[in-house]
Amino acid sequence: MASEIELIDVTKRYPGTGQPAVDSVSMTIPAGEIVVFVGPSGCGKTTTMRMINRLIEPTSGRITIDGEDTLSLDPDRLRRGIGYAIQQAGLFPHLTVGQNVGMVPGLLGWDKTRSSDRVDEMLDLVGLDPGDFRDRYPRQLSGGQQQRVGVARALAADPPVLLMDEPFGAVDPITRGNLQDELMRLQAELRKTIVFVTHDFGEAVKLGDRIAVLGPQSRILQYDTPEQILANPADDTVAGFIGAGASLKQLTLLRVREVELSKAVTASVTDDPADIRAKLTEAGRGFALLLDDRGRPVSWVHARTPGRPTPVGDSVTLQSTLQDALEAILTEGGAAVVTGSRGEYVGLVEIDTVMSTVRRLREEAGA
Amino acid sequence: MTFWDFVADRWNRLVGEALLHVSAVVQCTVLAAAIGVGIGIAVHRSPLGSAVATALTSAILTIPSFALLGLLIPVLGLGAPPTVVALVLYGLLPIVRNTIVGLNGVDTSVRDAARGIGMSRAGVLTRVELRLAWPAILAGVRISTQMLMGIAAIAAYARGPGLGVEIFAGLTRAGSANATNQAIAGTLGIVILALLLDGIFALVGRYTVSRGIRGE
């Protein structure tokens, strides 16, 4: 269940200020996608998001959810139908975790049993054991756990739309990474329409189906998929915002199947070492990859010591990111073995391939 | 007659006055709490309103209680009415100030989350803000109660009820038999009652402040 959100010429002007905080923003947020608003602090991204659930009323313009004008709805009722998660979670400190998560179902008038079943289900969903956490108070939780509860509370009434305002901004990098992974797992299952605000471009690339790079007054500098933004930044401001690590970030977007694989000299584990040596000399290569009877990579052998193979360590699949491949190359040395869906050998990713991809991306970005 | 003989002799009368004293203080505190919390809620969002409310209620406290009662008697007559008005006015400051401090101490992110998940303004106030401000409000009410216990004694000047009657009688008859005993009995009674009420407040706090925000 998800809804399309449309912003039409949305403007927010605070009385007594010259320039509007948000100036005539129009965009469509497709149903079931994570759209990340990213931009420097003070650019109006949070204001834009908060106008969707009318925590801030637009000065002019329209916002529709599934075609319905949000201004025609009672704001409290509107908000109960939109999940809301914020930085530092904003949990009610005087209520238990269970009461926090059950708040929106309570506001919607669900009965006690349905509500408490839902609370347990939600805690489970965000990876907190209900028996252990339901009756705790927020102050008894770590920052990461509080954020999980915040997400559980936002999801409790199964809203089609979720607004998340830097929800992982206040936790340490490792926890943040875990929470991001968790959110992606949840989203794969739930397919909500999620508007996610962050100032961290890396987070935007990781989570977003689409990214809206916003400039001052929430002007949309570029609204596209992460791949497109990384490869073709609309202007210098966007390029500057992406930062120097753009090519490396793009490695997380490219899959191994998208680059050209090179071929190793292969042999069967049962082959005679002398034959392997002859094969390598003929091909002018130093290493051969030994495969088992089902074509799966087993070990490497060097031309000078064909009798003493070293086992294949890290391998990657066609679905792995180039980032993963680069890591495997660095641990394996020289090349990473790529395997297919049944673990069979399909090719190699060599360090040169990764390097030339990075170079190509940089040239494209510069063009 | 020793002090204890005096107390034993007048026991029934002293207990009656003590009950009246407590009853007057408690009722006036409840009234002051209702008004004070109301004022606090009304002004806490506005810095100017908060400053004015705090200044006005502080100004009331600077009026000597004798003078205030003296001013009220011509308007309200003798007995309960001037006593109640004076006590309520004196009790306002700590309650108003603590309500403002308590409500302003509510974390912005908590208020934002409450609005964001669809609580009405009244819901945010009653289910979140006042609950979180409650320890501060309760502390204010507790201070007011202690203050009013003492001030209520002066109300005897306006023929108000309570242990003040004993103190005033003792003081006006200074030098005669049992005058000192009478004044001490009244004073001591007030101190004991104040301690008892304070203990009750500690219990109330224990049972009404959420475990999630209790400082322990």
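Buried residues make up 47% of the 216 residues in chain B of this predicted model. One of the buried residues is Cys28(B), with a relative accessible area of 2%. "Buried" here means under 20% relative accessible area, so Cys28(B) falls inside the cut-off. The accessible surface of chain B comes to about 10,300 Å². Carbon and sulfur atoms account for 70% of that surface.

What kinds of secondary structure does chain B hold? It has nine helices and zero strands. Along the principal axes, the C-alpha atoms of chain B fill a box of roughly 70 × 40 × 20 Å. Now take the contacts in chain B with a separation of 6 or more. Of these, 76% come from residues 24 or more positions apart.

Turn to chain A. It has 15 helices and 17 strands. Its C-alpha atoms fill a box of roughly 80 × 55 × 35 Å, again taken along the principal axes. Of its 367 residues, 51% count as buried. The accessible surface of chain A is about 16,500 Å², and 48% of it belongs to carbon and sulfur atoms. Among contacts in chain A with a separation of 6 or more, residues 24 or more positions apart account for 61%.

How is chain A divided? Domain 1 covers residues 5–244, and domain 2 covers residues 257–359. Taken over C-alpha atoms, the centres of these two domains of chain A are separated by 44 Å.

Start with helix H1 of chain A, residues 45–52. Seven of its eight residues are buried, so the helix is largely enclosed by the rest of the structure. Which residues of H1(A) are buried? They are Lys45(A), Thr47(A), Thr48(A), Met49(A), Arg50(A), Met51(A) and Ile52(A). Just after H1(A) comes Arg54(A), which takes a positive phi of about 60°. Cys43(A) is also buried, at 2% relative accessibility.

Next, look at a sheet in chain A. It is an open sheet of four strands, in the order E11-E12-E13-E14, with mixed pairing. Why is one side of E11 and of E14 left without a neighbour in the sheet? Strand E11 (265–268) and strand E14 (305–311) of chain A stand at the edges, and each has a single partner strand, so one side of each has no neighbour there. Neighbouring strands of this sheet are turned against each other by 35° on average, direction ignored.

Follow E11(A) to its partner. Four bridges join E11(A) to strand E12 of chain A, residues 287–291. The two strands run parallel. Look for Val265(A): it stands opposite Ala288(A) in E12(A).

Finally, find helix H13 of chain A, residues 273–283. Which strands does H13(A) lie across? They are E11, E12, E13 (297–302) and E14 of chain A. Helix H13(A) runs at about 165° to E11(A).

Key:
Residues are numbered from 1 along each chain as its sequence is written. Chains are lettered from A and ligands numbered from 1 in the order in which they are written. This is a predicted model: local features need pLDDT of at least 70, side-chain atom pairs count only at pLDDT 80 or more; totals for chains, interfaces and linings use all residues. Side-chain values use heavy atoms; hydrogens and water are left out. Two strands pair if DSSP finds at least two bridges between them. Axes are lines fitted to C-alpha atoms, for helices over the stretch in contact, and angles run from 0 to 180 degrees between N-to-C directions. Contact means heavy atoms within 4.5 Å. Buried means under 20% relative accessible area, exposed over 50%, partly exposed in between (1.4 Å probe, protein chains only). Domain bounds come from an automatic or database domain assignment. Accessible areas come from the Shrake-Rupley method with a 1.4 Å probe; for residues, only the protein chains shown count as cover.
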